[in-house]
Structures are given as structure tokens and as C-alpha cells.
Amino acid sequence: MRVDVFDTTLRDGEQTPGVSLTVDEKVEIAKQLARLNVDVIEAGFPVASPGEFEAVKRIAGTVVGPVIAALARAVEGDIRKAGEALSNAERSRIHTFIATSPVHMKYKLRKSPEEVKKLAVKAVELAAQFADEVEFSAEDATRSDPDFLVEVYEAVIDAGATVINVPDTVGYTTPEEFYELIRYLKRNLSMRGVKISVHCHDDLGLAVANSLSAIRAGAEQVEVTVNGIGERAGNAALEEVVVALDTRKDFYKAETGINLSEIARTSRLVAHLTGIEVPPNKAVVGANAFAHESGIHQDGVLKERTTYEIIDPKRLGFSGSRIVLGKHSGRHAFREKLRELGYELSEEELDRAFARFKEIADRKKRITELDIEVLLYELEEPTYRVEMVHVTATKGLSTAAVRVLDGEGRVEVSHSFNGPVDALFSAINRALGIEARLVEYRVSSVGSGRDALGEVLVRVEKDGKVLVGRGLSTDILEASAQAYLNAVTR
């Protein structure tokens with residue numbers, strides 16, 4: 001079965017609190033949606049504002065391929081405005097709606113069911129004069145009486161509707177209930193070539209599940225937004241629905257015409273222009289969707305991608321899977337990352353590098369390539385090592401205690417009125433019984449974030465020579481001590 005994809009990012013998606021797209025931004029997204037090969041673009045709600053009208057008109061006149069739709073209440077002024085905005089479209093659709101649930105009819109519309117049905121029919125008849133296609137939505141359909149839905153839908157089909165939409169406007173239904181409702185409508189409506197569409201909101205986190213359930217029940221159109229943006233908790237996410245249908249075509253027996261290779265680009269564009277960032281754990285398009293940190297998962301993916309990835313990220317326009325190094329990563333992934341960076345280590349070197357990597361990973365959430373390259377410089381086991389650093393500082397006076405290992409531990413304490421670093425270096429001088437003077441002291445961040453490694457470079461004068469030392473740690477004082485020690489013990 002072929003399922004049409006009706007994208008409402010520019011209409012329902014823009015209703016996300018805090019989102020307001022310019023006309024040019026809307027046109028840019030619409031052109032990308034055309035490249036994505038959606039079947040219908042709901043370009044906006046023309047009567048809402050002059051800018052909204054202009055956006056729909058521009059999209060209708062410049063974007064070819066998809067049907068261009070405009071939303072209109074079951075009100076004459078709305079419908080005429082929508083028709084005017086769509087006048088230059090290659091293919092046009094007016095999407096008109098009215099609420100059919102008892103709570104909406106009583107409290108919002110303050111109209112009887114019969115009055116609602118008459119308004120729906122009148123709206124569809126008028127819309128048919130201004131557009132190639134007419135879609136009718138029974139707002140809050142999932143809280144409406146099914147028999148009344150059948151009555152209204154039959155009336156609007158007779159009036160000229162080409163698509164009837166069944167919205168779960170407040171995200172109330174469940175996959176089982178929605179399946180039964182769509183099956184009920186399919187059995188009781190004389191469709192006469194009219195398609196059933198579904199539009200699901202995510203208030204209970206079920207928008208995608210409900211949409212897929214409706215498709216299983218026979219819905220021929222699904223209404224979605226890029227990244228799942230929209231009113232309140234958002235809409236069914238385009239990328240999740242279409243990738244689920246593609247990945248599990250054996251189960252759903254349905255397909256779309258979506259160009260999957262444009263999904264990543266479309267998601268990034270919408271996130272950028274709306275200012276709504278994609279959560280890292282978001283299915284399909286989140287930063288972590290194809291990232292692996294667990295050693296077991298990394299080992300599996302490196303041996304055969306499909307062990308832990310059911311979707312090929314390259315098909316969606318991503319560069320591929322990502323092996324993320326962290327404290328859960330295994331030796332296999334670490335070795336592969338070294339090879340990727342151009343390093344081939346002996347087993348002994350790998351053992352030492354991996355042990356150091358694990359030490360850093362316990363203190364740093366994510367290890368970057370730069371972190372690893374710096375780490376490799378530390379493979380040579382130093383003769384002297386700082387095991388303990390303790391520094392206190394009060395106004396004017398700093399005290400430092402260090403424990404230096406060179407086969408046996410040496411603990412020394414020093415005080416300084418020139419700050420904690422000076423006190424620390426003086427304590428090292430005392431522990432080693434040497435005279436050395438700091439010439440240069442530089443600190444830089446390796447990587448990014450609050451847990452980035454600190455790299456310290458020192459130049460020290462000792463016995464008439466200038467020596468260089470380097471230290472690396474998430475603790476800048478620890479890095480300073482190791483850098484100074486590396487210099488004075490050369």
C-alpha cells in the first residue's frame with residue numbers, strides 16, 4: 001500500500017510556542033520538503049496574518065511537485081483567503097475543519113451536532129470552488145461519537161471532499177483504539193475513491209505509534225512534522241513514521257515516496273530555522289541515534305553494523321555510525337579509533353594507552369580525538385610521578401603538599417605568598433632536593449566542555465639549562481605538578 005505523506009511543519013509545526021518563521025524561511029523549508037519528496041505541504045493558515053498569507057502565496061507560486069495545501073476554518077472568509085493564496089499553485093488543496101466532539105461542540109462552538117454538520121458541508125462545497133482538492137478534518141475526532149463521525153464524513157464526501165482526516169487533536173487515543181476507529185470508518189463509509197488521513201499529537205507520547213497503527217488499519221495518508229514539532233508536545237515525527245515503515249515494511253506492508261537520503265538535511269534545516277534543537281536521544285535524527293559507547297555494542301557494530309543498528313544512517317543522509325569513546329568503551333573500539341587516527345601500537349603500548357584512557361574516562365564524560373592524541377604522548381612511563389597533590393589557599397598565603405614517587409614516596413610541604421602554583425612547585429623542589437626556577441607557565445584546554453582536559457606546559461631553569469615539561473589532567477593543579485616534575489627530572 002502507498003501512503004501519502006502530508007507535511008504540516010509550516011502550519012502545525014510553526015504553532016510550536018516560541019517559533020515564528022519569516023516568509024523566506026518558510027519558502028526555504030518548503031523547497032527542502034519538495035526535495036524530501038513529501039506528497040503534500042501544508043504551507044500555512046492564510047487568514048491568520050498578512051505574513052502567513054504571503055508565505056502560502058509564495059510557496060504556491062514557487063514550489064513544484066507536492067500538492068500545496070492551506071488551512072481554513074469552516075468559515076467563508078477563511079476559505080476565500082485560502083483559495084486566493086493558492087491561486088498560482090501547480091496543485092492546490094484547501095484543508096478545512098470543524099470540531100465534532102461533544103466537549104468542543106458544547107463549550108467552544110456552542111452549536112448542535114446538526115449545525116456542525118451543515119457548516120462542514122457548506123465549507124467543503126465552497127472550498128471545492130477554489131482548489132483542486134478538498135480535505136476535511138473532524139477536529140477532536142478521537143473524542144467524537146463514531147456514528148456522528150460517519151454521518152459528518154458521508155455528508156462532506158457527498159459535498160466534494162477528496163480526503164477525510166481523522167485527527168487525534170489532543171493526543172488522547174491509544175494505538176488499539178485508533179486502529180479500531182479507522183477500521184470502523186473504513187467499514188461504514190462509502191469512500192468512493194476518497195482517502196482517509198490521520199493527524200496525531202504526542203500528548204501521551206503515542207503520536208507515532210497511533211499513526212502507524214492507523215496505517216495498519218488502512219489509512220492512506222499520514223500527517224506529520226519534521227522533528228515532531230508542533231502544538232504542546234508536538235506531532236507525529238515525519239522521520240520516525242517513514243523510517244519505521246521502511247525498516248519494517250515486512251510488518252506494515254506500506255511504503256512512502258520519501259527520499260530517505262534527505263532526512264538528515266531536512267531535520268537540521270528545520271532545527272536551525274525554528275531554533276528548536278533536536279534532543280540527542282531523539283529517534284532517527286538525534287545526535288545519539290547512531291552513536292555507540294558501550295564496549296559490547298561497539299565490538300558488535302565494528303564486526304557487523306546490523307548487530308546493534310537496525311537502520312543504516314548513510315541511507316538517511318548521515319555520514320555513518322559513530323563510535324563514542326567513554327568509560328564504557330572497550331579495547332576493540334579504542335584500537336579502531338587509534339587506527340582511524342593513524343596510530344599503530346604494539347600490544348604493550350596499547351595496554352598502557354588503554355589503561356590511561358580508562359583513567360581519564362572515569363573523570364571525563366566524553367573523550368575526543370584530540371584527547372587521545374595528547375594521551376599518546378604520555379606512553380613513556382616517567383621515572384618520577386606525582387601521586388598526591390593537596391593545595392590550600394587563603395588570602396595572601398598558599399600551602400601545597402605533594403607526594404612524589406620514584407620507587408619510594410617522598411612527601412613535602414611548602415608555603416608561598418605568590419599563589420598555589422608557586423607553592424606547589426616549591427614543594428616539588430624540596431621533595432627532590434633541587435634548585436629550579438620557573439621560566440614559563442602555560443595552560444590550555446584540550447577538548448571542550450567543563451570536563452575538558454587541562455594541558456600545562458612549563459619551562460624550568462635548572463643547573464643553567466632550560467627544560468620543558470608537560471602535564472595533562474582534568475585537575476589543572478595535578479597537570480601543573482606533573483608538567484613541572486617531568487621538566488626537572490629530565
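The legends below describe several views of a predicted model of one protein chain.

**View 1**

**View 2. The barrel, closed by 8 strands.**
The strands follow one another in the order β1-β2-β3-β4-β5-β6-β7-β8, and their pairing is parallel. On average, and with direction ignored, neighbouring strands of this sheet are turned by 25° against each other.

**View 3. Two helices that lie across strands, α2 and α6.**
Helix α2 (residues 50-62) lies across β2 (40-44) and β3 (67-73), and its direction makes an angle of about 150° with β2. Helix α6 (residues 146-159), in turn, lies across β5 (133-139) and β6 (163-168), where it runs at about 150° to β6.

**View 4. Helix α3 beside helix α5.**
The axes of helix α3 (residues 76-85) and helix α5 (residues 113-127) come within 10 Å and cross at roughly 20°, which means that α3 is roughly parallel to α5. The crossing in which α3 passes α5 is right-handed. On the side of α3 the contact is made by E76, I79 and R80, and on the side of α5 by A123, L126 and A127. Sorted by class, the residues of the contact of α3 with α5 comprise 4 nonpolar, no polar and 2 charged.

**View 5. Helix α5 packed with helix α6.**
The axes of α5 and α6 are 8 Å apart, and the two helices pack at an angle of about 25°, so α5 is roughly parallel to α6. The crossing of α5 and α6 is right-handed. From α5 the contact draws on P113, E114, K117, A120, V121, V124 and E125, while α6 contributes F148, E151, V152, A155, V156 and A159. The contact of α5 with α6 has 9 nonpolar residues and 4 charged ones, with no polar residues.

**View 6. Helix α1 packed with helix α11.**
Helix α1 (residues 23-36) and α11 pack at an angle of about 165°, and their axes are 10 Å apart, so α1 is roughly antiparallel to α11. The crossing of α1 and α11 is left-handed. Residues E25, E28, I29, Q32, L33 and L36 of α1 make the contact with I263, R265, T266, L269, V270 and L273 of α11. By class, the contact of α1 with α11 is made up of 7 nonpolar, 2 polar and 3 charged residues.

**View 7. A287 in the loop between α11 and β9.**
A287 is placed in the loop that lies between α11 (263-274) and β9 (291-292). Not counting residues up to four places away in sequence, A287 touches P279, P280 and R322. The C-alpha atoms of A287 and R322 are separated by 9.4 Å, although these two residues are 35 residues apart along the chain.

Methods. Residues are numbered from 1 along each chain as its sequence is written. This is a predicted model: local features need pLDDT of at least 70, side-chain atom pairs count only at pLDDT 80 or more; totals for chains, interfaces and linings use all residues. Side-chain values use heavy atoms; hydrogens and water are left out. Axes are lines fitted to C-alpha atoms, for helices over the stretch in contact, and angles run from 0 to 180 degrees between N-to-C directions. Helices (H or I, at least four residues) and strands (E, at least two) are DSSP runs, numbered from the N terminus. Angles under 35 degrees count as roughly parallel, over 145 as roughly antiparallel, 65 to 115 as roughly perpendicular and the rest as oblique. A crossing is left-handed if the near helix is turned anticlockwise from the far one by less than a right angle, and right-handed if clockwise. Contact means heavy atoms within 4.5 Å. Ala, Val, Leu, Ile, Met, Phe, Trp, Tyr, Cys and Pro count as nonpolar, Asp, Glu, Lys and Arg as charged, and the others, Gly among them, as polar. Two strands pair if DSSP finds at least two bridges between them.
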